[in-house]
Amino acid sequence: MRGAMMTQGDFIRNVTWDELRIGASAQLARSCTVDDLILFAHASGNVNPLMLPAQDGAAEEPMAPSLWVGSLISAVLGNILPGAGTLYLSQNLRFGARVHPGDKLSVDVRCVELREKPVAVFEARVLTSDGAVACEGFAEVAAPVQTIVLNRNALPPLIVDHHDHFSKLVARAEALQPLATAVVWPDDRNSLAGALLAAARGLIEPVLIGPRAKMIELAAMTGAPLDEGWIVDAVDHAESCARAVELTQRGATRAIMKGNVHSDEILGAVVKKEAGLRTNRRVSHVFAMDAPTLDRLLFISDAAVNISPDLSAKVDIVQNAIDLARACGVATPKVGVLSAVETVNVAIPSTLDAAILSKMADRGQIRGGVVDGPLAIDNAVDADAARTKGIASLVAGQADILIAPNIEAGNMLAKELTFVARAEAAGLVLGAKIPVMLTSRADNERSRLASSALASLYDHWRRTGAAAPEARPSLSQAAE
């Protein structure tokens, strides 16, 4: 800005009418994002599908509402020149080039006239990165007459529920061959619909083991496409679990999906010695959480299988989680081993385990990731919290994986993220020769679809040693 505005650190001072001079100018650079369009739609009530990301027939590449573009002029006038205390009197605008998510914009305002105090007139223009005029016009304002100093970071934070890491996983998995999957007792609407949706998207090739008549009836009620050749009739849960294990033993299927049965029934069948599906690893569960506040997936283990794991079990829990994160495309996962505090305390056994796990990773006994602990949950995921506590770590503040000290802590953490923070959850049981999808009755179809994608990506990684290629993003995803 060229004029009288003053800044110092996080504070900014306005320009009063007495200080304002003709020719004073200010600029602002801003990129248009998909979140901007969603927030503007909520604030204005304008839900024109041309101006929202692709959904239910909306435009593949949305455009920004013209008044959103015009509002950037208001941001310069209200924040920079003249700044705090400015009030609009009138505004005329002409709109030219259309703006889309991903476009970089420059906003310029210049004082062209000083009228009777406190009135001032500004010429304003918004240009795209290639110099096209997106918006131009004149603003008449009442400039401030008193000095005001504001904290430039005073606006409270806002969470836009527009995270979609799961769609990227599903897109990756769709490029692979469908994963032959034994679905155990899918005799309720949710479990059958989830399996059929995953089949329709090409993620799995299902073998539906359960009551034939009931499954046919449910499919007819929901309108979901069901190939009766997928069905293997079974009389009860025990037979269904046994048939699923038998199919994987002979290679007819490479994954198991939980239907309307208890997790213990499936896992009991999988880990039986005679099933032949055990490995030298401890079986553990890994949640993949898609949280609206994070720019990445967050993996949590173990929240569903191991009640109070000892150090030996935690080694396998960490390794299983690292393997799944790598299968999902995280090149070198950062693992935060959690406790109540971030310092080693002999009175808190989980801090000792965390320190040992960290050193084992340093020595190559845990492979493929960077492990650090003990870390408390705040400094594991929040960089500011880590800096405040003076923690120097490659993991602190940026963990991809969180390892809970026991099942209570892990389960509460995962469910708090789901039901309080509005995260979406998918998950797998790992450590056996095949991945097991332990979907919950509370899971929606999207979570079940994501669990199928996890299984497919993990199976690909196990067989090839490499993560599946990242799918080419849609225009709306590329703009984010």
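Trainee: Is Arg 94 buried, partly exposed or exposed, and what makes it so?

Mentor: This is a predicted model, so every value is computed from it. The relative accessible area of Arg 94 is 48%. Buried needs under 20% and exposed over 50%. Arg 94 is therefore partly exposed.

Trainee: Why is the pair of Glu 136 and Arg 94 called a salt bridge?

Mentor: Their closest N and O atoms are 3.6 Å apart. The cut-off is 4 Å, so the pair counts. Glu 136 sits in strand β7 and Arg 94 in strand β4, so the bridge ties together parts 42 residues apart in sequence. Arg 94 and Glu 136 also belong to a salt-bridge network with Arg 125.

Trainee: What about Arg 212 and Glu 228: how do you know that their side chains meet in a salt bridge?

Mentor: The N to O distance is 4.0 Å. The definition asks for within 4 Å, and the pair is listed as a salt bridge. Arg 212 is in helix α5, while Glu 228 is in the loop between α5 and β11, 16 residues away. Arg 212 has 30% relative accessible area and is partly exposed. Glu 228, at 44%, also counts as partly exposed.

Trainee: Which helices does the salt bridge of Lys 314 and Asp 353 link, and are the two residues buried or exposed?

Mentor: The N to O distance here is 3.0 Å. Lys 314 is in helix α8 and Asp 353 in helix α9, 39 residues apart. Both residues are buried. In total, the structure holds 25 salt bridges.

Trainee: Why does Cys 111 count as buried?

Mentor: Its relative accessibility is 0%, and buried means under 20%, so Cys 111 qualifies. Cys 111 lies in strand β5. Its contacts beyond four places in sequence include Leu 20, Ile 22, Val 121 and Phe 122.

Trainee: How do you know that the buried residues of α7 lie on the same side?

Mentor: Ile 266, Leu 267, Ala 269 and Val 270 are buried in helix α7. They cover an arc of only 160° around the axis, which puts them on the same side. An α-helix has 3.6 residues a turn, so residues three or four places apart point the same way. The elements covering these residues include β9, α6 and β18.

Trainee: What sets the phi of Trp 185 apart, and is the residue buried or exposed?

Mentor: Phi of Trp 185 is near 55°, a positive value in a residue other than glycine. Most residues other than glycine have a negative phi. Trp 185 is in the loop between β9 and α4. At 9% relative accessible area, Trp 185 is buried, because the limit is under 20%.

Trainee: Arg 422 has a positive phi too; what is its value, and why does Arg 422 count as exposed?

Mentor: Phi of Arg 422 is about 65°. Its relative accessibility is 55%, and exposed means over 50%, so Arg 422 counts as exposed. Arg 422 is in the loop between α12 and β18.

Trainee: What makes the bond from Leu 81 to Pro 82 cis?

Mentor: Its omega is near 0°. Pro 82 is in the loop between α2 and β4. Another cis peptide bond joins Lys 117 and Pro 118, with omega about 15°. Most peptide bonds are trans.

Key
Residues numbered from 1 in each chain as written. Predicted model: local features only at pLDDT ≥ 70, side-chain atom pairs only at ≥ 80, totals over all residues. Heavy atoms only, no water. Helix = DSSP H or I, 4+ residues; strand = E, 2+ residues; numbered from the N terminus. Buried < 20%, exposed > 50% of the residue type's maximum accessible area, 1.4 Å probe, protein only. Contact = heavy atoms within 4.5 Å. Arc of directions from axis to C-beta.
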